[in-house]
2 protein chains.
Amino acid sequence: MQAEIISIGDELLIGQVVNTNASWMSERLNSIGLDVFQITTIADKKQHIIDSLNSASGRVKVVLITGGLGPTNDDITKSTLTQYFEGILVFSNRTLKNIENLFAARSVPVTEINKQQAYIPDNCVEIENKVGTAPGMMFEKNDIIYFSLPGVPFEMKEMMNNFVLPELSKKLSLPAIIHKTILTIGIGESFLSEKISGWENQLPSNCKLAYLPSPGQVRLRITAFGSNAVELNNQIEKQIQSLKKLIPDYIYGFNEETLSEIIGKILKSENKTVVTAESCTGGFIAHLITSEPGSSNYFKGSIVAYSNKIKTELLKISDDVIQTHGAVSKEVVELMATNSRLILNADYSIASSGVAGPDGGSVEKPVGTVWLAVATPFGVISERFLFGNDRNRNILKAAITALNMLRKELARN
Amino acid sequence: MQAEIISIGDELLIGQVVNTNASWMSERLNSIGLDVFQITTIADKKQHIIDSLNSASGRVKVVLITGGLGPTNDDITKSTLTQYFEGILVFSNRTLKNIENLFAARSVPVTEINKQQAYIPDNCVEIENKVGTAPGMMFEKNDIIYFSLPGVPFEMKEMMNNFVLPELSKKLSLPAIIHKTILTIGIGESFLSEKISGWENQLPSNCKLAYLPSPGQVRLRITAFGSNAVELNNQIEKQIQSLKKLIPDYIYGFNEETLSEIIGKILKSENKTVVTAESCTGGFIAHLITSEPGSSNYFKGSIVAYSNKIKTELLKISDDVIQTHGAVSKEVVELMATNSRLILNADYSIASSGVAGPDGGSVEKPVGTVWLAVATPFGVISERFLFGNDRNRNILKAAITALNMLRKELARN
């Protein structure tokens, strides 16, 4: 069965905002067995919205609309849909209550313009917005289901996960589709592809493999189609078992897991703690660790030592060592890790020192050169990497590579 | 005048690839005075391509197609366009030469499948591909101009910049369009809208305003249409001057500027330095500051004090103060800022202490409660905020709010 997405928003058509909503929604719709036939991006204009709804209604059974539900004058999706489905706007006390609660939680009075958001069409099923003020809407007409969702990504995602996807699975008889994503790190896409080509070629015809690369990582998504979800799950698990034997060192997790989450689980279960001492990553490793709920149980803190003076004064690395080997060196990064582990009094420490760029490179240590170290109760390990030319990608790659070094040490001990 | 973009590719419809090409192209087309009316994303299917071309041809005078020009069987754009415009494929020696040169530069022999790419329709203007094997094509029919470009971003961009945009500017008499984005922080969309409604309503009819909210910030985009770019620029600048008088405290920058960039420029020009002492933001403020190239000139480092012990040992805050007022308090956050400023030896320091959630909240200090402080050579300021329930949004909001507090102090001094 097929669906279409209509993305509404001038900001998408002038190139100010990239349409990440549509790709996220496509991926989620796919996961429940719905193919996306077309994505149409249009402006906040009434006639254009109506024309797009007419076209999509002639092609598919499910239409998802995002955007144009804000409280301001340029947001006209709700009034247009009310007219299109021949309803009238009525005041919803339930929606007002939701808006009031949201503002009360922030200790902010409800504005008149936000109160207007409590008007909804009388012929739709209202979708509660648990994280924002604009309610979503579901309409049904001529056997076609329509959803109107906010354009704000986290509001849209909340409604997709908790209303739209369950509702579609319930209403439609969709084929069984099972996805599982295998998370790999430390090997590039083409090398990985060579290493697993034999395995890839023997996959049964109802299984599809997709490579999803991102900086420093490649996710492998297996999709299996069939009639029985339990059988498909077993089939995928069997394939993953044989893949694990091929690339045991590169797989770190599955599906939506993150490195920080995996590390956090191990540290928590073993009652161990971690700290960081960061130069080129500038606090980003600490940020990734603390993005995880409950990280205060195992993360104690960090010393971000961008200047050499902080390396000497706070991390107690002698000026001699820095002068002799340079701040970007095995010696300095290992001392950053071992000293911070003692100073901040933790079981493990991660340290980074490198040239993120665009300035600061040399022939010997070009931009992208990064030393990473992990200190443990049993010693210290370190490794030199050469990433690329892009500053923010270098920071990101260094941080996840460092977290992966810690993960491996935790697995080994 | 209006254009449409048709993006062809299965990978876009399963959510594997985000359609960054379309937003980039929209931005470029806008810059020469062409509005993008619609972006249509479709699969590599012949009939769907033809239907989309027919629809777009009924609406606009310029149609840009990307994707489906690769050498493999699933790429059918070229054969479809040849048929659509009633031409035949002929062998182009010029294109073959280009392909041969490209492979020679990489010391790789030309494959048979790549040689096939030298066939092009006899009724198009060939667009040379200087960085890849697939040539682009330009067709004209019934006063509509069509371009077919590769989906590989850097090949598409090269052709856009060096052929498509100059060609369009030459062929069409385009109006001038000027955009300017005003960056605001510290005021929600609905409050902002109420505050500036008078100004918004007096905007001339050739000016459009759009609200673009993101966590903690709202960007306002003014677009002006006309015949003379210089006049439009003056018109926009005049409107911005009167907006500035209405909301002087909330505007922090324009267009693509970031808070870190603005702060960095001020610190660099005044030869001042900054450090951070972070609890609930866990290093994220330091990360935002160090995302900026050249930040090592003014950022010295950070102490991330997640545990109270690090607050006492490294930040020298007495255990008494923490016990009396709690770690999330005016007293503690101000000491974090003033002490770190001295310990890390900088001109300015930013500090954070709060309950990011989901755990750790209380009646008195619910999840989302965050104290922020900025220490300067002239003293310390602090403020209590109540953000929301989402951990990562709280971290993000706290970090940008803290950066904005520093920006204001820098502007004041």
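**View 1. Parallel pairing of strands E13 and E14 in chain B of the predicted model.** Strand E13 (residues 274-278) of chain B runs parallel to strand E14 (residues 299-305) of chain B, and five bridges join the two. Within this pairing, Val274(B) has Phe299(B) of E14(B) as its bridge partner. The model shown here and in the views below is a predicted one.

**View 2. The open sheet that contains strands of both chains.** The sheet has 10 strands with mixed pairing, in the order E17(A)-E16(A)-E15(A)-E13(A)-E14(A)-E14(B)-E13(B)-E15(B)-E16(B)-E17(B). Its edges are formed by strand E17 (379-386) of chain A and strand E17 (379-386) of chain B, each of which pairs on one side only. On average, and with direction ignored, neighbouring strands of this sheet are turned by 15° against each other. Strands of a sheet pair through backbone hydrogen bonds, in either the parallel or the antiparallel sense.

**View 3. Helices H15 and H16 of chain B against the sheet.** Helix H15 (residues 330-343) of chain B packs on the sheet, where it touches E13, E14, strand E15 (348-354), strand E16 (369-376) and E17 of chain B. The direction of H15(B) makes about 150° with that of E15(B). Helix H16 (residues 391-412) of chain B lies across E13, E15, E16 and E17 of chain B, and runs at about 25° to E16(B).

**View 4. Val274(B) and the nonpolar cores.** The largest nonpolar core holds 137 residues, of which Met336(A), Val274(B) and Met336(B) touch the most other members. With residues up to four places away in sequence left out, Val274(B) touches Leu267(B), Ile289(B), Tyr298(B), Phe299(B), Ala346(B), Asp347(B), Tyr348(B), Ser349(B), Ile350(B) and Leu406(B). Another core, of 74 residues, lies apart from the largest one and has Ile65(A), Met25(B), Ile39(B) and Ile120(B) among its members. In soluble globular proteins, nonpolar side chains tend to be buried together.

**View 5. The contact between chains A and B.** Chain B contributes 55 residues to the contact and chain A contributes 57 residues. On the side of chain B that touches chain A, at least two residues each are supplied by helix H2 (20-31), strand E2 (35-42), helix H8 (189-195), strand E10 (207-214), helix H12 (284-290), E14 and H16 of chain B. E14(B) gives the largest share of this side, seven residues. By class, the side of chain B that touches chain A comprises 23 nonpolar, 25 polar and seven charged residues. E2(A) and E2(B) also pair with each other, in the antiparallel sense and over four bridges. In this pairing, Ile42(A) stands opposite Gln38(B) of E2(B).

**View 6. Helix H2 of chain A and its surroundings.** Helix H2 (residues 20-31) of chain A has 12 residues, which at 1.5 Å a residue should span 16 Å; its end C-alpha atoms are 17 Å apart, in agreement with that value. The buried residues of H2(A) include Asn21(A), Ala22(A), Ser23(A), Met25(A), Ser26(A), Leu29(A) and Asn30(A). Their cover includes strand E1 (2-8), strand E2 (35-42), strand E3 (62-66) and helix H7 (153-171) of chain A, together with helix H1 (10-13) of chain B. Just after H2(A), Gly33(A) adopts a positive phi of about 95°.

**View 7. Chain A as a whole.** Chain A has 16 helices and 17 strands. Along the principal axes, its C-alpha atoms fill a box of roughly 80 × 60 × 45 Å. Of the 413 residues in chain A, 46% are buried.

Methods. Residues numbered from 1 in each chain as written. Chains lettered and ligands numbered in written order. Predicted model: local features only at pLDDT ≥ 70, side-chain atom pairs only at ≥ 80, totals over all residues. Expected span 1.5 Å × (residues − 1). Buried ≥ 20, exposed ≤ 12 C-beta atoms within 10 Å, placed from the backbone. Contact = placed C-beta atoms within 7 Å. Pairing = 2+ DSSP bridges. Axes fitted to C-alpha atoms, helices over the stretch in contact; angles between N-to-C directions. Nonpolar A, V, L, I, M, F, W, Y, C, P; charged D, E, K, R; others polar. Core = buried A, V, L, I, M, F, W, Y, C linked by C-beta atoms within 7 Å.
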